[in-house]
Amino acid sequence: MIRVTSDQVCYSMSSANKPVLEVNQNERFCVETEDCYSGKLKSPEDRFTKAMWDTVNPATGPISILGTEPGRPLRIEIVDIRTRHYAVMSVERDAGALGRFIENSETTILPIENKRLILDGTLSIPIQPMIGVIGTAPAGKPVLNGTPGEHGGNMDCKLITAGSVVYLPVNTKGALLAIGDLHALMGDGEVCICGAEVSGEVILKAAQVDSRMPTPCVETESHFHFIGSALTLDECERIVLDKAHTFLTNIGKMSSNDAARAMSLLCDLCVCQVVDPLKTMRFSVPKLLLNR
Ligand code: CA
Ligand code: CA
């Protein structure tokens with residue numbers, strides 16, 4: 001299987017980035033990723049410093065998906081996510097609304113044993129590896145990997161796991177896919193700014209599909225989850241509702257009012273994260289609405 005190593009990174013998503021690899025559509029490939037701290041925090045003595053902001057959130061890539069052209073969405077199947085044997089968390093006093101509870105900045109190494117994260121020596125939790133940063137080249141200016149947007153990027157949606165499918169826009173020839181910021185575990189909101197930050201590798205395949213699917217979107221076994229990012233959660237809500245309503249009326253062939261009623265009765269509005277430069281929400285539409 002073709003493999004991209006974690007030293008081939010970009011720090012922003014841009015149509016000007018040169019691809020580090022070309023793959024065929026539907027060809028499986030492996031992307032190695034460094035953690036969001038670029039691997040610089042390896043022990044409790046290592047502290048996050050302002051100088052490290054230049055190298056946070058490296059994304060491996062970009063990878064050119066051969067034969068893709070601007071227009072239809074890219075369908076990315078996440079086949080597997082493997083992590084190394086420890087995760088890192090750096091908590092800071094300026095960590096959003098939660099920062100007031102942080103007595104002093106601290107780096108914590110959390111061992112991963114038998115696919116369980118050891119939290120405090122006694123409590124261990126099954127890991128749920130997810131991809132924090134996954135994006136294609138944006139339509140306009142470059143976007144730093146710390147920021148989410150219509151191109152994907154730092155969405156920090158915990159549903160982007162092995163077995164899920166991600167739909168992203170193709171804004172440039174080859175799409176220019178880049179991936180990084182794996183988390184072994186993260187709760188919705190990511191309220192302390194970091195998840196269980198971990199390096200690892202992702203096995204995936206991608207192809208452009210003939211669909212009017214609004215993007216970014218994550219497909220799980222039972223739902224389509226439409227994702228939107230903006231400065232405020234109110235704006236995020238409007239974006240994700242627009243996408244879900246467009247989906248239900250265009251692809252689901254529902255009337256406008258039927259779609260609105262179904263959205264209120266059967267769909268869930270959730271926060272992905274509130275700590276990045278833009279906040280991110282998702283709106284989850286059950287697939288049963290398509291089976292009428
Ligand atoms: Ca992130
Ligand atoms: Ca992260």
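**Reading the pocket, metals and rings**

Q: What volume does the largest pocket have?

A: About 640 Å³. Rolling a probe the size of a water molecule over the atoms shows where empty space is left. Here a pocket is an open set of points on a 1 Å grid over the protein atoms alone, where a 1.4 Å probe fits, with protein on both sides within 12 Å along at least five of seven lines. The volume is the space filled by probe spheres set on those points, joined across faces, edges and corners.

Q: Before we go on, what kind of model is this?

A: It's a predicted model, where local features need pLDDT of at least 70 and side-chain atom pairs count only at pLDDT 80 or more, while totals for chains, interfaces and linings use all residues. Residues are numbered from 1 along each chain, chains are lettered from A and ligands numbered from 1 as written, and side-chain values use heavy atoms, leaving out hydrogens and water.

Q: Which residues lie nearest the centre of the largest pocket?

A: Look for Phe48, Trp53, Val56, Asn57 and Ile193, part of a lining of 30 residues (those with an atom within 4 Å of a point). Sorted by class, that lining has 13 nonpolar, 8 polar and 9 charged residues.

Q: Where does the largest pocket lie relative to domain 1 and domain 2?

A: Between them, because domain 1 (2-39 + 54-83 + 127-208) and domain 2 (217-290) both give residues to its lining.

Q: Is Asn154 buried or exposed?

A: Asn154 is buried, at 2% relative accessibility, and Asp156 is buried too, at 1%. Buried means under 20% relative accessible area, exposed over 50%, and partly exposed in between (1.4 Å probe, protein chains only).

Q: Which residue bridges the calcium ion (ligand 1) and the calcium ion (ligand 2)?

A: That's Asp181, and the two ions lie 3.4 Å apart. His183 and Glu197 are both buried.

Q: How many aromatic pairs does a search of the whole structure find?

A: It finds 4. A pair of aromatic rings is described by the distance of the centres and the angle of the planes. Rings of Phe, Tyr and Trp (its six-membered ring) pair if their centres lie within 6.5 Å; planes under 30 degrees apart are stacked, over 60 edge-to-face and the rest tilted. One of the pairs is Phe224 with Phe247, tilted, at 5.2 Å centre to centre and 55° between the planes.

Q: Why does the pair of Phe224 and Phe247 tie together parts that are apart in sequence?

A: Because Phe224 lies in strand β21 (residues 223-230) and Phe247 in helix α1 (residues 233-250), 23 residues apart. Helices (H or I, at least four residues) and strands (E, at least two) are DSSP runs, numbered from the N terminus. Phe224 is buried at 8%, and Phe247 at 2%. Phe226 and Phe247 also form a tilted pair, 5.0 Å centre to centre with 50° between the planes.

Technical notes. Donors = N, O, S within 2.8 Å, 3.2 Å for Na, K, Ca; no water. Nonpolar A, V, L, I, M, F, W, Y, C, P; charged D, E, K, R; others polar. Domains from an automatic or database assignment.
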